[in-house]
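Here is a short tour of a chain that you can follow with the viewer open. Keep the sequence at hand as you read.

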Amino acid sequence: VDGDGREDLLTGRGRLIAGDRTDGLRRLYEPSQKYGEGVPLIYPSVVCPGCYYAALVQDFESIPQPSVEKINDDTDERIRSVQNVFSDLDYREPRQLPEGAASYYLAARCYDAFPKESSPSIKQGISSIRAAWLCSDLHRKAPEENYDYLSLLFYRKARFFYQQSIEYEQSGQEAIANAGHLGPDVDNNYGFDGVLYLSAYLEYHHGAKSNDEQRIGHLKRVKPIVARLFGMGKASKQKPSAILD
């Protein structure tokens with residue numbers, strides 16, 4: 001626990017051993033022989049243990065008053081909804097995977113009340129994809145609990161929010177640049193290139209597939225995004241290698 005009472009993970013002395021990075025830009029970690037499994041992803045969404053208000057670290061204490069009123073009005077329903085899925089949460093004790101996954105669900109819900117100046121849409125997208133990753137981890141540990149289905153739901157929510165954030169950016173309704181760290185994970189910030197890449201990645205892997213005509217239309221819509229990422233000549237060489245690879 002740091003000086004302001006927020007729980008965080010120390011990373012020195014071999015606590016974290018970086019492994020591969022997935023195609024979805026998630027950093028994997030290998031268990032440490034001394035410290036065991038470390039999951040830094042479960043901490044960046046700060047949660048009030050009483051009312052379950054949640055936001056990413058940089059926003060938790062900077063919420064404007066009109067947003068406070070909206071979040072207060074949603075308290076009972078917010079607690080009820082998250083407990084329907086994660087029944088034994090306790091944010092007064094050291095965090096585990098369920099608290100981490102639920103913290104991002106809560107953050108995505110609370111960002112509905114934030115003004116456009118806070119870039120809530122992309123933060124909802126980042127929260128949703130991180131929730132999907134952690135639910136996948138939970139599924140590996142408890143395959144009988146249907147966390148894989150929950151992970152798919154969060155991936156679909158992430159797809160929606162990533163595409164919405166790009167549309168808002170293009171229309172001038174909401175600026176992605178105001179969001180700060182765009183991750184999507186906590187180690188690297190792939191910036192706007194990462195947002196473009198993930199919007200296409202999420203459409204390809206988690207877009208609607210039941211209707212061929214609709215799917216083709218959606219893939220055609222993200223095709224220019226992929227082309228924009230790769231570009232030509234010198235410009236393409238300046239893109240992050242993890243995305244180009």
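Is V226 buried, partly exposed or exposed? With a relative accessible area of 34%, V226 is partly exposed, because buried would require under 20% and exposed over 50%. Please bear in mind throughout that this is a predicted model.

**Helix α5 and its partner**

Two packed helices are described by the angle between their axes and the distance between the axes. For α5 (residues 147–171) and α7 (residues 212–230), the angle is about 65° and the axes are 13 Å apart. Their crossing is left-handed. On the α5 side, the contact is made by R159, Q163, I166 and Q170; on the α7 side, H218, R221, V222, I225 and R228 take part. Sorted by class, this contact has 3 nonpolar, 3 polar and 3 charged residues.

Helix α5 itself has 25 residues and spans 36 Å from its first C-alpha to its last, close to the 36 Å expected at 1.5 Å a residue. After α5 comes G172, with a positive phi near 80°.

In soluble globular proteins, nonpolar side chains tend to be buried together. Here the largest nonpolar core has 59 residues, and the members that touch the most others are Y52, F86, I129, L134 and Y162. At least two residues of this core come from each of β4 (54–56), α2 (75–85), α3 (97–110), α4 (120–141), α5, α6 (191–206) and α7. Which helix gives the most to this core? That is α4, with 9 residues.

Leaving aside residues up to four places away in sequence, Y52 touches V47, I79, V82, L89, Y91, L106 and C110, along with R78 and Q83.

Another tyrosine, Y43, lies in the loop between β2 (27–30) and β3 (45–47). Y43 counts as buried because its relative accessible area is 10%, and buried means under 20%. The C-alpha atoms of Y43 and I176 are separated by 23 Å, and the two residues are 133 apart along the chain.

**Backbone features in the loops**

Most residues other than glycine have a negative phi, and most peptide bonds are trans. The bond joining G183 and P184 is a cis peptide bond, with omega about 20°, and P184 is found in the loop between α5 and α6.

| Residue | Phi | Loop | Relative accessibility |
|---|---|---|---|
| S119 | about 55° | between α3 and α4 | 1% |

Key
Residues are numbered from 1 along each chain as its sequence is written. This is a predicted model: local features need pLDDT of at least 70, side-chain atom pairs count only at pLDDT 80 or more; totals for chains, interfaces and linings use all residues. Side-chain values use heavy atoms; hydrogens and water are left out. Axes are lines fitted to C-alpha atoms, for helices over the stretch in contact, and angles run from 0 to 180 degrees between N-to-C directions. Helices (H or I, at least four residues) and strands (E, at least two) are DSSP runs, numbered from the N terminus. A crossing is left-handed if the near helix is turned anticlockwise from the far one by less than a right angle, and right-handed if clockwise. Contact means heavy atoms within 4.5 Å. Ala, Val, Leu, Ile, Met, Phe, Trp, Tyr, Cys and Pro count as nonpolar, Asp, Glu, Lys and Arg as charged, and the others, Gly among them, as polar. A nonpolar core is a set of buried Ala, Val, Leu, Ile, Met, Phe, Trp, Tyr and Cys residues joined through side-chain atoms within 4.5 Å. Buried means under 20% relative accessible area, exposed over 50%, partly exposed in between (1.4 Å probe, protein chains only). The expected span of a helix is 1.5 Å times one less than its number of residues.
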